[in-house]
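Please read this short report alongside the model.

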Amino acid sequence: MNDVIATARKFYFDTVFEDNGRVIAPMRPKKSFTPEEVEAIREEAFAEGERSATAIAQAAQALALQQIAVAAQGALGGLAMVAHEHRSGSARLALAAAGKIADAALARFPQAPVAAALDALAREVEAVPRLVARCAEDQVDGVRQALEAAAHNAGYPGQIVVRADPALPPAAFVLDWGDGSAAFDPDAAAARVAQALDEALAAEGFHAESLNTPNEADHG
């Protein structure tokens with residue numbers, strides 16, 4: 001019985017057998033290492049740690065660059081909006097200033113537009129016998145004098161008739177020569193200019209100029 005037990009104790013769960021029943025001794029973990037082996041293991045572990053740290057750093061760097069790109073794109077969009085608002089504000093300010101100057105000029109020289117119109121239409125009306133003008137009631141005399149002077153300078157021989165029209169604002173006029181007519185209303189003209197400016201700014205959007213265009217000095 002003791003022999004059987006002694007024989008049985010020769011085989012444990014880690015015993016490995018070949019097909020022919022021969023016992024193969026299992027590999028036992030090494031319990032001692034030479035200094036060279038210890039140094040090699042240390043260097044390998046250190047290198048593995050460096051590789052892991054480098055991979056983590058590269059991943060963090062890639063994430064940071066992605067976040068910077070998103071932030072920069074958002075900033076460029078904000079700058080484009082600011083630039084567009086600045087252009088819009090500047091254009092409207094210039095239009096308002098031009099309107100004030102035009103109002104002052106028309107208040108001082110209300111007959112200037114109708115005289116300029118007759119100068120431009122001289123060839124159109126040179127053969128018509130009569131030219132009828134309508135204007136604001138308090139400007140009839142001034143418009144008549146301006147048209148007579150313009151007609152004399154242009155060599156227009158026809159009759160000039162000026163009539164009051166209460167519906168017309170100051171400096172506005174209507175010229176009628178039978179075969180055609182011309183009109184000017186400073187309020188309507190200002191409204192058309194403002195509408196054209198609004199449409200131009202709306203069509204421009206944020207694409208008037210590229211914020212990424214390099215300076216010419218960079219190519220010098």
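A residue is called buried under 20% relative accessible area, exposed over 50%, and partly exposed in between (1.4 Å probe, protein chains only). By that rule Q139 is buried, with a relative accessible area of 8%. This is a predicted model, in which local features need pLDDT of at least 70, side-chain atom pairs count only at pLDDT 80 or more, and totals for chains, interfaces and linings use all residues. Residues are numbered from 1 along each chain as its sequence is written, and side-chain values use heavy atoms, with hydrogens and water left out.

Q139 sits in the loop between β3 and α5 (140-154). Helices (H or I, at least four residues) and strands (E, at least two) are DSSP runs, numbered from the N terminus. Contact means heavy atoms within 4.5 Å. Setting aside neighbours within four places in sequence, Q139 is in contact with P110, P170 and A171.

A171 belongs to the loop between β4 (159-164) and β5. A171 counts as buried too, at 3% relative accessibility. Its phi is positive, about 75°, although A171 is not a glycine. Most residues other than glycine have a negative phi.

**Strands**

Two strands pair if DSSP finds at least two bridges between them. Strand β3 (residues 130-135) and strand β5 (residues 173-176) run antiparallel, joined by 4 bridges. Here R134 has V174 of β5 as its bridge partner. β5 also pairs with strand β6 (residues 181-184), in the antiparallel sense and over 4 bridges. L175 has A182 of β6 as its bridge partner. The hairpin of β5 and β6 has 4 residues between the strands, and G178 in this hairpin takes a positive phi near 85°.

**Salt bridges**

Side chains of opposite charge can pair when their charged atoms come close. A salt bridge is a side-chain nitrogen of Lys or Arg within 4 Å of a carboxyl oxygen of Asp or Glu. How many salt bridges does the structure hold? It holds 3.

| Salt bridge | N to O distance |
|---|---|
| D198 and R92 | 2.9 Å |
| R134 and D165 | 2.4 Å |
| D141 and R144 | 3.2 Å |

Take the pair R134 and D165. R134 lies in strand β3 and D165 in the loop between β4 and β5, so the pair ties together parts that are 31 residues apart in sequence. R134 is partly exposed at 33%, while D165 is buried at 14%.

D198 and R92 also form a salt bridge. D198 is in helix α6 and R92 in helix α2, so this pair links parts 106 residues apart in sequence. D198 is partly exposed, at 35%. R92 is partly exposed, at 43%.

D141 and R144 both lie in helix α5, 3 residues apart, about one turn of the helix. D141 is exposed, with 53% relative accessible area. R144 is partly exposed, with 28%.

**The largest pocket**

On a 1 Å grid over the protein atoms alone, a pocket is an open set of points where a 1.4 Å probe fits, with protein on both sides within 12 Å along at least five of seven lines; lining residues have an atom within 4 Å of a point. The largest pocket is lined by 14 residues, and G99, A102, D103, P186 and A190 lie nearest its centre. The largest share, 8 residues, comes from α2.
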